[in-house]
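Please look through the sequence and the model shown here before reading on.

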Amino acid sequence: MNAMAPAAPAAERIVVPVALAERSYDILIGRHQLCEAAEVIASRFPGARAAIVTDENLAALHAPALEACLQQAGVSATRLTVPPGEASKSYARFIELCDGLLAAKIERNDLVIALGGGVVGDLSGFAASVLRRGVRLVQIPTSLLAQVDSSVGGKTGINSSHGKNLIGAFHQPALVVCDTALLDTLSEREFKAGYAEVVKYGLIDDPAFFDWCEVNWRRVMEGGPERDHAVATACRAKAAVVARDEREDGDRALLNLGHTFAHALERLTRYDSSRLVHGEAVAIGLCLAFRFSQRLGLCPGQDAGSVAAHLAAVGLPTRLQDVPGGSGTAAEIVEAMTQDKKVKRGALTFILAHGIGRSFIAPGVAAEAAHGFIESELAGT
Ligand code: NAD
């Protein structure tokens with residue numbers, strides 16, 4: 001065995017299929033899966049060369065192990081590195097990356113391997129979607145958020161000065177490998193932020209999973225079978241929604257629970273990760289979606305309270321007041337929400353809930369109702 005390969009043996013692997021006809025693919029989940037993944041790549045894509053796209057943090061932490069595994073499996077690989085952080089989802093980095101992939105002579109039958117969090121996945125997925133009119137993408141997500149959300153489903157893209165993720169493409173990966181041992185090096189803050197997206201699946205339509213999260217969240221953080229179970233449950237839920245509605249013409253929008261608020265908060269904090277990272281904004285957004293539902297008379301207060309209590313117990317922000325440096329006024333928040341791409345002819349679309357696990361799409365919510373709700377949240381009433 002190569003000296004750089006992970007020392008621990010691969011644990012049992014869970015396979016979650018994503019059923020999308022000719023674009024179907026598998027999500028492989030388990031601890032220490034990098035060398036297994038390299039073998040799968042070598043057998044499923046014989047002769048393909050690989051360009052590993054990663055960020056500077058992962059280049060130091062996990063890229064060498066992946067490279068060793070690929071070499072052992074006989075896959076020739078080159079590496080392209082971007083700076084960590086949301087700022088890398090930019091036109092400038094996108095152009096640089098496309099040129100880097102061309103300089104590395106990545107051809108139509110080769111592979112782009114995204115080794116990183118959602119930023120690397122979104123950026124390199126978008127580059128893969130347009131490079132030579134589309135090359136295959138393998139996602140090896142390294143953050144919890146990327147393992148349970150962004151690496152599955154084919155949404156790729158970069159940000160514009162007009163808003164987040166406004167330039168992009170649907171480009172399904174050919175394979176996703178969630179090596180849950182990679183999460184051992186993730187900071188506690190980033191782990192918790194990703195955990196908000198895990199809880200989201202329980203809140204959408206799986207109340208039993210929310211109950212499970214309340215009991216098991218500490219063990220999910222520690223690693224072991226509970227972590228794999230949480231990632232697999234989230235991936236199964238996302239795979240099912242994506243298989244029903246690949247391009248978000250219908251109920252894929254449920255995955256945006258909490259996100260209308262979250263995107264507005266990210267926008268108002270200028271995507272400054274020292275103030276708020278995506279998953280933290282989602283945690284506040286989930287609480288706001290439930291409290292807004294409660295205020296509209298749709299959802300029992302007890303359920304809204306349970307959502308906030310669980311996220312707070314984990315150590316996530318749950319209120320507008322928790323945004324470091326302030327969230328902005330009600331008018332600013334509503335204005336930021338109307339910039340979101342889910343706005344149709346000025347009416348706001350929210351994902352609301354009749355209770356935990358009972359979310360639904362609510363198009364045409366009046367801006368005044370949202371404004372009144374946010375004012376009351378800011379006033380703490
Ligand atoms: P990220 O990619 O910026 O990663 C967060 C930080 O953690 C970075 O500094 C990164 O270097 C570091 N990191 C990642 N894995 C690590 C590891 N194993 N060990 C140590 N450090 C590690 O952020 P993210 O939260 O993974 O993703 C957020 C992005 O995902 C946003 O741009 C968001 O828009 C996007 N997103 C996309 C989708 C989609 O469907 N495409 C869905 C949700 C979110």
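A disulfide is taken here to be a pair of cysteine sulfur atoms within 2.5 Å. The model to which this cut-off is applied is a predicted one.

A search of the whole structure does find 1 disulfide, and it is formed by Cys35 and Cys69, whose sulfur atoms are 2.1 Å apart. The link of Cys35 and Cys69 is left-handed, with -70° about the S-S bond. Both partners count as buried, Cys35 with a relative accessible area of 17% and Cys69 with one of 1%. Cys98 is buried as well, at 12% relative accessibility.

Turning to the strands, β1 (residues 14-18) and β2 (residues 25-30) run antiparallel and are joined by 5 bridges. One of the residues involved is Val18, whose bridge partner in β2 is Tyr25. The two strands form a hairpin with 6 residues between them, and in the turn Ala21 has a positive phi of about 50°.

The ligand comes next. Of the 26 residues around the ligand, those that come nearest are Asp55, Glu86, Thr142, Ser143 and Thr185. Several elements contribute to this shell, with α2 (56-61), α5 (118-130), α6 (144-150) and β8 (163-170) each supplying at least two residues.

Which residue in the loop between β4 (77-82) and α4 (91-103) deserves a separate look? Lys89 has its place in that loop, and at 4% relative accessibility Lys89 counts as buried. Leaving aside residues up to four places away in sequence, Lys89 touches Val119, Asp122, Gly157, Ile158, Asn159, Lys164 and Asn165. An N or O atom in the side chain of Lys89 is 2.8 Å from an oxygen atom of the ligand. Asn57 likewise has a polar side-chain atom 2.8 Å from an oxygen atom of the ligand, while for Asn165, one of the residues that Lys89 touches, a polar side-chain atom lies 3.5 Å from a ligand oxygen atom. Of the 860 Å² of accessible area that the ligand has on its own, the protein covers 89%.

Note on methods: Residues numbered from 1 in each chain as written. Predicted model: local features only at pLDDT ≥ 70, side-chain atom pairs only at ≥ 80, totals over all residues. Heavy atoms only, no water. Buried < 20%, exposed > 50% of the residue type's maximum accessible area, 1.4 Å probe, protein only. Pairing = 2+ DSSP bridges. Helix = DSSP H or I, 4+ residues; strand = E, 2+ residues; numbered from the N terminus. Contact = heavy atoms within 4.5 Å. Near = heavy atom within 4 Å. Polar contact = N/O pair within 3.5 Å; in protein donor to acceptor, adjacent residues only side chain to side chain. Areas by Shrake-Rupley, 256 points an atom, 1.4 Å probe, with all protein chains shown as cover.
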